[in-house]
Amino acid sequence: MVGVSTHLPTADAQDPESNARTARLREALLAAAFTADGLLELLGAPAYAALARSETVPALRATRGDSPLETLVRLFLLQRPVELRQAQAALPVADCLTDGWLMQDGDELRASVDVRPYGGPEGQDWWIVSDLGCAVGGAGGIRGVGEADRAQLVLGVGGASTTLAGITVRRPVAKALDLGTGSGIQALHAAQHATRVTATDLNPRALRVAALTLALSGAEAADLREGSLFEPVGDETYDLIVSNPPFVISPGARLTYRDGGMGGDDLCRTLVQQSAAHLNDGGYCQLLANWQHVAGEEWHDRLRSWVPRGCDAWIVQREVQDITQYAELWLRDAGDHRAGDEAYTARYDAWLDEFEARKTKAIGFGWITLRKSGSDAPSITVEEWPHPVEQPLGESVVRHFDRQDYLRATDDAALLAGHFRLADEVVQEQVGLPGAEDPEHVVLRQHRGMRRATKVDTVGAGFAGVCDGSLPAGRILDAIAQLVGEDPVLLRDRTPASIRMLVEQGFLEPVAADG
């Protein structure tokens, strides 16, 4: 039976002997190639991908031998017992028993937690610790545990956590806060570029698991604090705040890792609104969120109202689900589809009753990034972009806000006097009927960052095509006006809005006059 262990391993950062035992375990994992690359090589792509879907049969078939790597996969990923002699060939068993990574039953050993290899952004070999069977997916994948145990589960790496890690700004900072740390993946990333990392969680088990993730991965220990939202940090301020909060909009708070315990999307709204008080000037707050689409309200306007004073914001809606799809997704996540027809129907009804009471017609999911600019005229961009993007996206986030600063400080006269260059890997596509003399329209398409595409007219396409930083925008427009036989004054008057759009979306980059 898998689920919440009666105990968790220990890794005391203040105890030299504990540190030494953890280091020996890490060395053993590396020696056996129990890494992301090592797993892919052992299992092959199909079995490796199946493991990410919590399907274990292909991996079991690929680990029938006695090599240390196969033993570690069966032990920590597949949660199968292994013989003592096999474990001794792969691990410092005495150390693992002392600290509780392994549990012994006669001549067999079992893992007390899931330990999953994870590749860092610069090729680091890390390991993410979670409850057994919770490395991917939700509580629905766990059988044989009660409601009380299920509520305290600590999940490992999922699509949401890797998405947040990818969009986070990775600039050196003094202080970073991981709010709702879970298994500690965001704190682990932050430890690579922050002098001090604070990690909080309402679930004390999560704090213990996060400490294990950091210690096993060889990262500096974080300042771990228990509590909800910003309560554990008082009035402290940070250069970076990241959060993959319990954003699920649900009737109640059964599962700590996903249910925020507030009505509707109030938890995400509260987190956003309170973040400004905890950001240093120029600091970023980045989080994932769900939000309601409410009858009679524009969702764009609803989210704009969340943004606190003095902050710029970039909010991207990545997906929308109707209320039935949303309820079914999270009912399966909780394992309610196995509760019997009557219980399932009652819980489904409770979700729909909640949405009906709040006039909720759909649920949006996406990213929210705030930057504390202090501006009296903040830049707030709220958009829908369900298309593929290039990860990691952190530098694109920085450039987005840099462009907002430029546009905010640049009037039309200064814009026409400015110099621009076409961003890297932007291509032009001409769309029209085969054989037509002129294209129906022209599309500029990015192959980096957000991978946007936008329609432009022939003037816009010609302008973008010759922007190499050498000439001011106004002179380029004068030349285009001469080519197309248009009044240059009228062209200068009507074009700044198009230039602003191309700059805002990252197709054009402002440069100094000398390039």
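Helices (H or I, at least four residues) and strands (E, at least two) are DSSP runs, numbered from the N terminus. On that basis, aspartate 353 lies in helix 15 (residues 341-357).

This is a predicted model: local features need pLDDT of at least 70, side-chain atom pairs count only at pLDDT 80 or more, and totals for chains, interfaces and linings use all residues. Residues are numbered from 1 along each chain as its sequence is written, and side-chain values use heavy atoms, with hydrogens and water left out.

**Overall build**

The protein has 21 helices and 19 strands. Its radius of gyration is 26 Å, close to the 24 Å that the globule rule gives for 515 residues, so the protein is as compact as a globular protein of that length. The radius is taken over C-alpha atoms, and the rule is 2.2 Å times the number of residues to the power 0.38. Along the principal axes, the C-alpha trace spans about 90 × 55 × 55 Å.

Of the 515 residues, 51% count as buried. Buried means under 20% relative accessible area, exposed means over 50%, and partly exposed lies in between (1.4 Å probe, protein chains only). Contact means heavy atoms within 4.5 Å. Among contacts between residues at least 6 apart in sequence, 69% join residues at least 24 apart.

**Two residues**

Aspartate 353 counts as partly exposed because its relative accessibility is 48%. Alanine 295 sits in the loop between strand 10 (279-294) and helix 13 (299-304). At 43% relative accessibility, alanine 295 also counts as partly exposed. Setting aside neighbours within four places in sequence, alanine 295 is in contact with Lys359 and Lys361.

The table gives C-alpha separations for one pair from each residue.

| Pair | Apart along the chain | C-alpha separation |
|---|---|---|
| Aspartate 353 and glutamine 152 | 201 residues | 26 Å |
| Alanine 295 and threonine 360 | 65 residues | 6.3 Å |

**A helix pair**

Helix 18 (residues 458-466) packs with helix 19 (residues 473-484) at an angle of about 130 degrees, their axes 10 Å apart. That makes helix 18 oblique to helix 19. Angles under 35 degrees count as roughly parallel, over 145 as roughly antiparallel, 65 to 115 as roughly perpendicular and the rest as oblique. Axes are lines fitted to C-alpha atoms, for helices over the stretch in contact, and angles run from 0 to 180 degrees between N-to-C directions.

Helix 18 brings Val459, Gly462, Phe463 and Val466 to the contact; helix 19 brings Ala473, Ile476, Leu477 and Ile480. By class, the contact has seven nonpolar, one polar and no charged residues. Ala, Val, Leu, Ile, Met, Phe, Trp, Tyr, Cys and Pro count as nonpolar, Asp, Glu, Lys and Arg as charged, and the others, Gly among them, as polar.
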